[in-house]
Amino acid sequence: MQIYTRTGDHGTTRIIGGKSVHKDSQQVEAYGTVDELNSIIGMIVALEETPSDMKEELMRIQHYLFDCGNDLATPEKHDKYPYRTNADLVTWLESRIDEYAPIPPTVESFILPGGTQLAAQLHFARTVTRRAERRIVSLQQEQTINQHVLKFINRLSDYFFALARVANTQAGVEDVLYERSGRVFHTELTKKDIPK
């Protein structure tokens with residue numbers, strides 16, 4: 001397989017189905033940002049301090065993100081290339097958030113990205129997930145997309161928030177609280193309490 005094809009030398013690329021689009025199009029921005037996020041997760045998996053069970057789960061998410069990117073690169077209503085991301089993936093992600101949310105101590109204010117190296121990297125992944133979400137929202141204003149992708153990405157940022165808190169808790173490191181924050185969380189941290 002030849003690595004370089006020269007087909008993008010004039011600023012265009014081909015999406016699934018063979019259609020040519022500009023490399024700065026909303027579609028390429030969307031699946032490109034998802035690809036960037038996948039690379040960040042790969043860096044987190046490579047960290048020595050990342051627990052093996054967390055690595056396994058993150059690698060599973062990498063596969064799901066590749067499915068999301070595939071769907072975003074697929075032209076709308078393309079019968080030959082069906083979407084891969086479905087509601088089951090969203091439900092699975094919600095179940096993981098529900099599992100992690102009660103583990104850290106209750107907080108009543110916003111927290112800053114930080115703590116352990118692992119937690120900081122997970123927060124970094126959370127913010128790139130939010131950027132990916134913004135790119136997907138921009139894309140859906142231009143064309144029909146697989147809505148399950150948008151829902152999955154939206155939940156994924158919540159997942160990284162919860163997982164970053166777990167990483168600090170398991171390492172015995174306190175979250176970095178935002179000093180100027182008023183009381184934000186009034187009850188036990190649950191899925192609905194996680195910042196959107």
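**View 1. Lining of the largest pocket in a predicted model.** By class, 7 nonpolar, 4 polar and 2 charged residues line the largest pocket. Here Ala, Val, Leu, Ile, Met, Phe, Trp, Tyr, Cys and Pro count as nonpolar, Asp, Glu, Lys and Arg as charged, and the others, Gly among them, as polar. The lining has 13 residues; Tyr-31, Asp-35, Phe-66, Gly-69 and Asn-70 lie nearest the centre. Helices α1 (26-46) and α2 each give two or more residues. The most come from α1, with 5. The pocket's volume is about 250 Å³. A pocket is an open set of points on a 1 Å grid over the protein atoms alone, where a 1.4 Å probe fits, with protein on both sides within 12 Å along at least five of seven lines; lining residues have an atom within 4 Å of a point.

The model is predicted: local features need pLDDT of at least 70, side-chain atom pairs count only at pLDDT 80 or more, and totals for chains, interfaces and linings use all residues. Residues are numbered from 1 along each chain as its sequence is written, and side-chain values use heavy atoms, without hydrogens and water.

**View 2. The second largest pocket.** Its space is about 180 Å³. Ile-3, Thr-5, Thr-7, Gly-8, Thr-12, Thr-13, Arg-14 and Lys-23 form the lining. That makes 1 nonpolar, 5 polar and 2 charged residues.

**View 3. Helix α2 against helix α3.** The axes of α2 (residues 52-72) and α3 (residues 87-100) come within 12 Å and cross at roughly 155°. The two helices are therefore roughly antiparallel (angles over 145 degrees). Their crossing is left-handed. Glu-57, Arg-60, Ile-61 and Tyr-64 in α2 meet Leu-89, Trp-92, Leu-93, Arg-96 and Tyr-100 in α3 (heavy atoms within 4.5 Å).

Note on methods. Axes are lines fitted to C-alpha atoms, for helices over the stretch in contact, and angles run from 0 to 180 degrees between N-to-C directions. Helices (H or I, at least four residues) and strands (E, at least two) are DSSP runs, numbered from the N terminus. Angles under 35 degrees count as roughly parallel, over 145 as roughly antiparallel, 65 to 115 as roughly perpendicular and the rest as oblique. A crossing is left-handed if the near helix is turned anticlockwise from the far one by less than a right angle, and right-handed if clockwise. Grid points are joined across faces, edges and corners, and a volume is the space filled by probe spheres set on the points.
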